[in-house]
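Please work through the following exercises with the sequence and the model at hand. Each task is followed by a solution in steps.

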Amino acid sequence: MRTWNDTVVPFFILMGLTDSAEMQLALSLLFLLIYLTTVLGNLGMIMVIRLDLQLHVPMYFFLTHLSFIDLNYSSVITPKTLQNLLTSTRNISFTGCFSQLFFFVLFAATECVLLSTMAYDRYVAICKPLQYPIIMSSRLCWTLLAGSYVAGLLDSSVNVICMSRLTFCHSNIIHHFFCDITPMLALSCKDTNDTELMIFILAGSTLMLSLITIAMSYVSILATILKMKSTSGKQKAFSTCASHLLVVTVFYGTMIFTYLKPKKSYSLGKDQVASVFYTIVIPILNPLIYSLRNKEVKNAFFRVMQKRVSTRLLK
(Lines give C-alpha, C1' and ligand atoms only; values in the text may rest on other atoms or scores of the structure.)
Protein backbone atom coordinates (compact mmCIF):
# COMPACT_ATOMS: atom_id res chain seq x y z
CA MET A 1 0.00 0.00 0.00
CA ARG A 2 1.31 3.45 -0.94
CA THR A 3 -0.27 5.99 1.40
CA TRP A 4 0.47 9.35 2.94
CA ASN A 5 -1.39 10.23 6.15
CA ASP A 6 -3.88 7.43 5.41
CA THR A 7 -4.86 9.07 2.11
CA VAL A 8 -4.19 7.14 -1.09
CA VAL A 9 -2.14 9.25 -3.50
CA PRO A 10 -1.75 7.60 -6.93
CA PHE A 11 1.45 9.33 -8.01
CA PHE A 12 4.96 10.46 -7.13
CA ILE A 13 6.36 13.95 -7.76
CA LEU A 14 9.80 14.20 -9.36
CA MET A 15 11.59 17.28 -8.05
CA GLY A 16 13.97 17.37 -11.01
CA LEU A 17 17.35 19.04 -11.22
CA THR A 18 16.59 22.71 -10.55
CA ASP A 19 13.78 25.18 -9.74
CA SER A 20 15.31 27.99 -11.79
CA ALA A 21 13.28 28.67 -14.96
CA GLU A 22 16.41 29.82 -16.82
CA MET A 23 18.34 26.69 -15.87
CA GLN A 24 15.38 24.48 -16.78
CA LEU A 25 15.26 26.00 -20.27
CA ALA A 26 19.02 25.68 -20.74
CA LEU A 27 19.05 22.07 -19.52
CA SER A 28 16.04 21.13 -21.65
CA LEU A 29 17.77 22.45 -24.80
CA LEU A 30 21.02 20.71 -23.88
CA PHE A 31 19.34 17.39 -23.05
CA LEU A 32 17.20 17.56 -26.21
CA LEU A 33 20.33 18.06 -28.34
CA ILE A 34 22.10 15.20 -26.55
CA TYR A 35 19.07 12.91 -26.90
CA LEU A 36 18.62 13.58 -30.62
CA THR A 37 22.34 12.97 -31.18
CA THR A 38 22.10 9.78 -29.10
CA VAL A 39 19.22 8.48 -31.22
CA LEU A 40 20.91 9.37 -34.52
CA GLY A 41 24.32 8.09 -33.38
CA ASN A 42 23.12 4.73 -32.12
CA LEU A 43 20.68 4.15 -35.00
CA GLY A 44 23.47 5.14 -37.40
CA MET A 45 25.86 2.67 -35.76
CA ILE A 46 23.28 -0.14 -36.02
CA MET A 47 22.54 0.64 -39.69
CA VAL A 48 26.21 0.86 -40.72
CA ILE A 49 27.00 -2.49 -39.08
CA ARG A 50 23.93 -4.13 -40.59
CA LEU A 51 24.55 -2.78 -44.11
CA ASP A 52 28.31 -3.43 -44.31
CA LEU A 53 29.14 -7.13 -44.73
CA GLN A 54 32.74 -6.66 -43.54
CA LEU A 55 31.42 -5.81 -40.07
CA HIS A 56 29.38 -9.01 -39.75
CA VAL A 57 31.72 -10.43 -37.10
CA PRO A 58 31.14 -11.12 -33.35
CA MET A 59 32.73 -7.85 -32.16
CA TYR A 60 30.29 -5.74 -34.18
CA PHE A 61 27.40 -8.09 -33.47
CA PHE A 62 27.80 -7.20 -29.80
CA LEU A 63 28.37 -3.53 -30.65
CA THR A 64 25.04 -3.47 -32.49
CA HIS A 65 23.26 -4.61 -29.35
CA LEU A 66 25.26 -2.17 -27.19
CA SER A 67 23.90 0.63 -29.40
CA PHE A 68 20.39 -0.85 -29.15
CA ILE A 69 20.65 -0.95 -25.33
CA ASP A 70 22.03 2.61 -25.14
CA LEU A 71 19.19 3.85 -27.35
CA ASN A 72 16.55 2.28 -25.09
CA TYR A 73 18.46 3.12 -21.91
CA SER A 74 18.43 6.81 -22.81
CA SER A 75 14.78 6.69 -23.96
CA VAL A 76 13.66 5.38 -20.57
CA ILE A 77 14.94 8.50 -18.77
CA THR A 78 15.45 11.48 -21.12
CA PRO A 79 11.94 12.07 -22.58
CA LYS A 80 10.34 12.17 -19.12
CA THR A 81 13.13 14.45 -17.87
CA LEU A 82 12.52 16.80 -20.80
CA GLN A 83 8.79 16.83 -20.07
CA ASN A 84 9.44 17.76 -16.44
CA LEU A 85 11.84 20.53 -17.45
CA LEU A 86 9.49 22.02 -20.04
CA THR A 87 6.20 21.77 -18.12
CA SER A 88 5.08 22.52 -14.60
CA THR A 89 3.66 18.99 -14.22
CA ARG A 90 6.16 16.73 -12.49
CA ASN A 91 3.80 13.95 -11.53
CA ILE A 92 4.54 10.36 -12.42
CA SER A 93 2.10 7.53 -11.68
CA PHE A 94 3.08 4.52 -9.58
CA THR A 95 2.90 2.34 -12.66
CA GLY A 96 4.99 4.82 -14.64
CA CYS A 97 7.54 5.16 -11.86
CA PHE A 98 8.03 1.44 -11.32
CA SER A 99 8.06 0.83 -15.08
CA GLN A 100 10.81 3.43 -15.46
CA LEU A 101 12.77 1.81 -12.62
CA PHE A 102 12.31 -1.67 -14.15
CA PHE A 103 13.53 -0.73 -17.63
CA PHE A 104 16.32 1.48 -16.28
CA VAL A 105 17.77 -1.40 -14.23
CA LEU A 106 17.09 -3.87 -17.07
CA PHE A 107 19.14 -1.96 -19.64
CA ALA A 108 21.84 -0.86 -17.16
CA ALA A 109 22.43 -4.42 -15.89
CA THR A 110 22.28 -5.85 -19.43
CA GLU A 111 24.90 -3.34 -20.61
CA CYS A 112 27.05 -4.22 -17.61
CA VAL A 113 27.09 -7.91 -18.57
CA LEU A 114 27.35 -7.20 -22.30
CA LEU A 115 30.53 -5.15 -21.77
CA SER A 116 32.13 -8.16 -20.04
CA THR A 117 31.00 -10.36 -22.97
CA MET A 118 32.72 -7.93 -25.36
CA ALA A 119 35.89 -8.17 -23.26
CA TYR A 120 35.80 -11.97 -23.59
CA ASP A 121 35.39 -11.58 -27.35
CA ARG A 122 38.54 -9.41 -27.49
CA TYR A 123 40.39 -11.99 -25.34
CA VAL A 124 39.60 -14.79 -27.79
CA ALA A 125 40.43 -12.60 -30.82
CA ILE A 126 43.87 -11.60 -29.50
CA CYS A 127 44.91 -14.59 -27.39
CA LYS A 128 43.46 -17.36 -29.58
CA PRO A 129 43.24 -15.87 -33.09
CA LEU A 130 43.39 -19.20 -34.96
CA GLN A 131 40.54 -20.63 -32.90
CA TYR A 132 38.49 -17.41 -32.93
CA PRO A 133 36.01 -18.39 -35.71
CA ILE A 134 35.38 -21.74 -34.03
CA ILE A 135 35.07 -20.47 -30.43
CA MET A 136 33.04 -17.34 -31.21
CA SER A 137 30.46 -19.17 -33.27
CA SER A 138 27.09 -17.67 -34.08
CA ARG A 139 25.49 -19.99 -31.52
CA LEU A 140 27.84 -18.87 -28.71
CA CYS A 141 27.35 -15.20 -29.60
CA TRP A 142 23.57 -15.51 -29.34
CA THR A 143 23.92 -17.50 -26.10
CA LEU A 144 26.15 -14.83 -24.53
CA LEU A 145 23.78 -12.10 -25.70
CA ALA A 146 20.75 -13.95 -24.29
CA GLY A 147 22.66 -14.42 -21.02
CA SER A 148 23.21 -10.65 -20.81
CA TYR A 149 19.48 -9.94 -21.20
CA VAL A 150 18.52 -12.69 -18.75
CA ALA A 151 20.91 -11.25 -16.13
CA GLY A 152 19.42 -7.79 -16.68
CA LEU A 153 15.87 -9.14 -16.47
CA LEU A 154 16.62 -10.98 -13.23
CA ASP A 155 18.26 -7.92 -11.68
CA SER A 156 15.43 -5.54 -12.65
CA SER A 157 12.68 -7.97 -11.60
CA VAL A 158 14.15 -8.47 -8.12
CA ASN A 159 14.67 -4.70 -7.72
CA VAL A 160 11.08 -3.83 -8.64
CA ILE A 161 9.56 -6.67 -6.56
CA CYS A 162 11.55 -5.60 -3.48
CA MET A 163 10.68 -1.92 -3.97
CA SER A 164 6.97 -2.58 -4.63
CA ARG A 165 6.61 -4.29 -1.25
CA LEU A 166 7.56 -1.11 0.61
CA THR A 167 5.02 1.29 2.12
CA PHE A 168 5.64 4.92 1.16
CA CYS A 169 4.26 7.25 3.82
CA HIS A 170 6.93 9.86 4.53
CA SER A 171 6.24 11.79 1.34
CA ASN A 172 5.41 11.27 -2.32
CA ILE A 173 8.17 13.68 -3.44
CA ILE A 174 11.19 12.02 -5.06
CA HIS A 175 14.23 14.27 -4.79
CA HIS A 176 15.62 13.22 -8.15
CA PHE A 177 14.86 13.64 -11.86
CA PHE A 178 13.85 10.00 -12.37
CA CYS A 179 12.66 7.03 -10.31
CA ASP A 180 15.93 5.74 -8.88
CA ILE A 181 16.39 3.28 -6.04
CA THR A 182 18.04 5.40 -3.33
CA PRO A 183 15.65 8.41 -3.48
CA MET A 184 12.65 6.03 -3.45
CA LEU A 185 13.97 4.09 -0.46
CA ALA A 186 14.11 7.38 1.45
CA LEU A 187 10.30 7.67 1.19
CA SER A 188 9.58 4.33 2.86
CA CYS A 189 8.20 4.25 6.40
CA LYS A 190 9.22 0.60 6.74
CA ASP A 191 12.68 -0.63 7.62
CA THR A 192 14.53 -0.88 4.29
CA ASN A 193 17.65 -2.73 5.47
CA ASP A 194 16.56 -6.09 4.02
CA THR A 195 15.55 -4.50 0.73
CA GLU A 196 18.80 -2.55 0.50
CA LEU A 197 20.83 -5.67 1.30
CA MET A 198 19.06 -7.73 -1.37
CA ILE A 199 19.50 -5.02 -4.02
CA PHE A 200 23.11 -4.39 -3.00
CA ILE A 201 24.02 -8.09 -3.16
CA LEU A 202 22.37 -8.62 -6.55
CA ALA A 203 23.64 -5.41 -8.15
CA GLY A 204 27.08 -5.84 -6.56
CA SER A 205 27.31 -9.44 -7.79
CA THR A 206 26.41 -8.44 -11.35
CA LEU A 207 28.91 -5.58 -11.28
CA MET A 208 31.76 -7.50 -9.65
CA LEU A 209 31.39 -10.66 -11.78
CA SER A 210 31.42 -8.50 -14.89
CA LEU A 211 34.47 -6.57 -13.66
CA ILE A 212 36.30 -9.80 -12.81
CA THR A 213 35.59 -11.13 -16.31
CA ILE A 214 36.85 -7.91 -17.86
CA ALA A 215 39.96 -7.81 -15.64
CA MET A 216 40.89 -11.44 -16.35
CA SER A 217 40.34 -10.93 -20.09
CA TYR A 218 42.56 -7.85 -20.22
CA VAL A 219 45.30 -9.35 -18.06
CA SER A 220 45.52 -12.22 -20.57
CA ILE A 221 45.36 -9.75 -23.48
CA LEU A 222 48.15 -7.63 -22.01
CA ALA A 223 50.33 -10.71 -21.43
CA THR A 224 49.79 -11.79 -25.05
CA ILE A 225 50.52 -8.33 -26.44
CA LEU A 226 53.77 -8.05 -24.47
CA LYS A 227 54.95 -11.32 -26.04
CA MET A 228 54.41 -10.00 -29.57
CA LYS A 229 57.56 -9.09 -31.44
CA SER A 230 55.87 -7.04 -34.14
CA THR A 231 55.29 -3.37 -33.28
CA SER A 232 52.45 -3.11 -35.78
CA GLY A 233 50.84 -6.19 -34.23
CA LYS A 234 50.98 -4.61 -30.78
CA GLN A 235 49.51 -1.35 -32.07
CA LYS A 236 46.66 -3.17 -33.83
CA ALA A 237 45.89 -5.21 -30.70
CA PHE A 238 45.88 -2.11 -28.50
CA SER A 239 43.71 -0.16 -30.95
CA THR A 240 41.03 -2.90 -31.00
CA CYS A 241 40.81 -2.77 -27.20
CA ALA A 242 41.16 0.98 -26.62
CA SER A 243 37.55 1.91 -27.44
CA HIS A 244 36.12 -0.87 -25.28
CA LEU A 245 38.40 -0.02 -22.35
CA LEU A 246 37.37 3.64 -22.50
CA VAL A 247 33.66 2.73 -22.53
CA VAL A 248 34.17 0.29 -19.63
CA THR A 249 36.06 2.87 -17.56
CA VAL A 250 33.41 5.57 -18.00
CA PHE A 251 30.40 3.28 -17.48
CA TYR A 252 31.67 1.27 -14.52
CA GLY A 253 33.31 4.30 -12.90
CA THR A 254 30.05 6.25 -12.66
CA MET A 255 28.04 3.16 -11.60
CA ILE A 256 30.45 2.30 -8.77
CA PHE A 257 30.57 5.94 -7.63
CA THR A 258 26.77 6.14 -7.51
CA TYR A 259 25.65 2.77 -6.17
CA LEU A 260 28.43 0.77 -4.51
CA LYS A 261 28.91 2.99 -1.50
CA PRO A 262 27.40 3.34 2.01
CA LYS A 263 23.99 5.02 2.26
CA LYS A 264 25.43 7.64 4.64
CA SER A 265 27.69 8.95 1.88
CA TYR A 266 24.72 9.68 -0.42
CA SER A 267 24.86 13.27 -1.67
CA LEU A 268 21.91 14.63 -3.67
CA GLY A 269 23.98 17.11 -5.70
CA LYS A 270 26.91 14.81 -6.53
CA ASP A 271 24.70 11.82 -7.22
CA GLN A 272 22.44 13.82 -9.53
CA VAL A 273 25.46 14.95 -11.57
CA ALA A 274 26.67 11.33 -11.78
CA SER A 275 23.15 10.21 -12.70
CA VAL A 276 22.91 12.77 -15.52
CA PHE A 277 26.24 11.49 -16.80
CA TYR A 278 25.38 7.78 -16.94
CA THR A 279 21.70 8.12 -17.98
CA ILE A 280 21.93 10.93 -20.54
CA VAL A 281 25.59 11.50 -21.50
CA ILE A 282 27.05 7.94 -21.66
CA PRO A 283 24.57 6.70 -24.33
CA ILE A 284 25.89 9.39 -26.69
CA LEU A 285 29.55 8.66 -25.86
CA ASN A 286 29.56 5.01 -26.94
CA PRO A 287 28.78 5.57 -30.65
CA LEU A 288 31.15 8.56 -30.69
CA ILE A 289 33.99 6.56 -29.11
CA TYR A 290 33.53 3.56 -31.39
CA SER A 291 33.14 5.67 -34.54
CA LEU A 292 35.92 8.20 -33.93
CA ARG A 293 38.49 5.71 -32.60
CA ASN A 294 37.65 2.79 -34.90
CA LYS A 295 38.95 2.88 -38.48
CA GLU A 296 36.83 -0.12 -39.51
CA VAL A 297 33.60 1.67 -38.53
CA LYS A 298 34.67 4.87 -40.29
CA ASN A 299 35.64 2.97 -43.44
CA ALA A 300 32.37 1.04 -43.30
CA PHE A 301 30.43 4.32 -43.04
CA PHE A 302 32.11 5.67 -46.18
CA ARG A 303 31.52 2.37 -48.04
CA VAL A 304 27.82 2.45 -47.17
CA MET A 305 27.52 6.10 -48.25
CA GLN A 306 29.34 5.38 -51.54
CA LYS A 307 26.96 2.49 -52.26
CA ARG A 308 23.94 4.71 -51.61
CA VAL A 309 25.32 7.44 -53.91
CA SER A 310 26.11 4.87 -56.63
CA THR A 311 22.64 3.36 -56.36
CA ARG A 312 20.99 6.78 -56.74
CA LEU A 313 23.15 7.62 -59.79
CA LEU A 314 22.23 4.33 -61.48
CA LYS A 315 18.53 5.11 -61.01
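Predicted model: local features only at pLDDT ≥ 70, side-chain atom pairs only at ≥ 80, totals over all residues.

**Exercise 1. Determine the order of the strands in the open sheet, and identify its edge strands.**

Solution. 
- Step 1. The open sheet is built from three strands, and their order is S4-S3-S5.
- Step 2. Strand S4 (91–93) and strand S5 (173–174) each pair on one side only, which means that they are the edge strands.
- Step 3. Strand S3 covers residues 11–14 and is joined to S5 by two bridges. S3 and S5 run parallel, while the pairing of the sheet is mixed.
- Step 4. For Leu-14, the bridge partner in S5 is Ile-174.
- Step 5. Helix H3, residues 94–127, packs on the sheet and touches S3, S4 and S5. The direction of H3 makes about 80° with that of S4.

**Exercise 2. Decide whether Lys-128 is buried, partly exposed or exposed, and describe its surroundings.**

Solution. 
- Step 1. Lys-128 lies in the loop between H3 and helix H4 (132–135).
- Step 2. The relative accessible area of Lys-128 is 32%. Buried requires under 20% and exposed over 50%, so Lys-128 is partly exposed.
- Step 3. With neighbours within four places in sequence set aside, Lys-128 is in contact with Tyr-123 and Ile-135.
- Step 4. Ile-221 is 93 residues apart from Lys-128 along the chain, and the C-alpha atoms of the two are separated by 9.9 Å.

**Exercise 3. State how many cavities of 30 Å³ or more are found, and characterise the lining of the largest cavity.**

Solution. 
- Step 1. Searching the whole structure gives two cavities of 30 Å³ or more.
- Step 2. The largest cavity holds about 50 Å³ of space.
- Step 3. Its lining consists of Met-15, Gly-16, Leu-17, Thr-18, Gln-24, Thr-81, Asn-84, Leu-85, Arg-90 and Phe-177.
- Step 4. Helix H2 (residues 58–86) gives the most to this lining, namely three residues.

Notes:
Residues numbered from 1 in each chain as written. Heavy atoms only, no water. Helix = DSSP H or I, 4+ residues; strand = E, 2+ residues; numbered from the N terminus. Contact = heavy atoms within 4.5 Å. Axes fitted to C-alpha atoms, helices over the stretch in contact; angles between N-to-C directions. Buried < 20%, exposed > 50% of the residue type's maximum accessible area, 1.4 Å probe, protein only. 1 Å grid on protein atoms, 1.4 Å probe; cavity = no way out; pocket = protein on both sides within 12 Å on 5 of 7 lines; lining within 4 Å. Points joined across faces, edges and corners; volume = space filled by probe spheres on them. Nonpolar A, V, L, I, M, F, W, Y, C, P; charged D, E, K, R; others polar.
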